Every structure is written in C-alpha cells, then in structure tokens.
Amino acid sequence: MAKRRILVVISLVFILGGIGRLIANEGVFRIFGMEYLWSDEPFFIYTYKLLGVFVIWMGMVLFVASKDLVKHRSMIRASILGLFLFFIVSLLTGFATGLSLKFFLVDSVFSLVLIFIFYLIQKD
C-alpha cells in the first residue's frame, strides 16, 4: 500500500510539473526567479510545451501503474530504463554544451532518485 501511494504522489508531481510547463511564460519564469532562462524564440516555446505534454504522459503512465503494481511491473521497469536514458542524456548534454551545473545537475540527480525509488517499488 505504501509503494502504491508513493507512486501516486510521484505521478501527480509529474502531471503538475507538466501542466506547469504548459502554462509557463515569461511571467511564470520570473515568479520562480528564472527569468534569465526564458526565451521567446518559437522553437523554445514549442519544445518546452511538448516537453510538458510528455511529462504529463509519464505521470499518467505511472498513475495507471500504481493501480496494480504487480500487473504493471513491466511499465515501472520500463520507466527505470527511460529514466536511466534521461540521466545519461541530461548529464552528457549538459557537459557537452558547457552548461553550468545548476541547469542540469538537478535533473540528473532527480532521475537517479526516481530510478532508486522505482527499483524499490517494483521489487517483490
């Protein structure tokens, strides 16, 4: 029961985070003290909004998986693999592009934390 609740909370965080990306604009970035990251370039906005939808989708998949952890164990394991790929790409891309650690390390570490949590959840 605790594993299920943890997965529900994580899924809701993903859904809310995705919604945040969908409504984000320069003002929202300013509210969170990140106005220097905002770009009004159309491709940035397009990519950011699409990322928001994918984050919501991830939350929805995890929410469905939380309903029956045994039946949906393969979805949780696939999420571990996807998050590992995210970890590698975010880390390598951050370093390769010369970004400051503050722009990508949080995402990389967050994905590792989720991998660990999902591993514990899917264990027998």
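Q: How many salt bridges does the structure hold?
A: The structure, a predicted model in which local features need pLDDT of at least 70, side-chain atom pairs count only at pLDDT 80 or more, and totals for chains, interfaces and linings use all residues, holds one salt bridge. Residues are numbered from 1 along each chain as its sequence is written, and side-chain values use heavy atoms, with hydrogens and water left out.

Q: Why is the pair E26 and R30 called a salt bridge?
A: The term requires a side-chain nitrogen of Lys or Arg within 4 Å of a carboxyl oxygen of Asp or Glu. The closest N and O atoms of E26 and R30 are 3.5 Å apart, so the pair meets the definition. Both residues lie in helix 2 (residues 26-31), four residues apart, about one turn of the helix; helices here are DSSP runs of H or I with at least four residues, numbered from the N terminus.

Q: Why is helix 4 called roughly antiparallel to helix 5?
A: Helix 4 (residues 73-96) and helix 5 (residues 101-122) pack at an angle of about 160°, with axes 9 Å apart. Angles run from 0 to 180 degrees between N-to-C directions, and those over 145 count as roughly antiparallel. Helix 4 is therefore roughly antiparallel to helix 5.

Q: Which residues make the nonpolar surface patch?
A: L16, I19, L22, I23 and V53 make this patch of about 450 Å². Patch residues have over 30% relative accessible area (Shrake-Rupley, 1.4 Å probe) and no salt bridge, with nonpolar side chains joined within 5 Å. Helix 1 (residues 2-23) gives the most, with four residues.

Terms used: Helices (H or I, at least four residues) and strands (E, at least two) are DSSP runs, numbered from the N terminus. Angles under 35 degrees count as roughly parallel, over 145 as roughly antiparallel, 65 to 115 as roughly perpendicular and the rest as oblique. Patches are made of residues with over 30% relative accessible area and no salt bridge: like charges are joined within 9 Å, nonpolar side chains (Val, Leu, Ile, Met, Phe, Trp, Tyr) within 5 Å.
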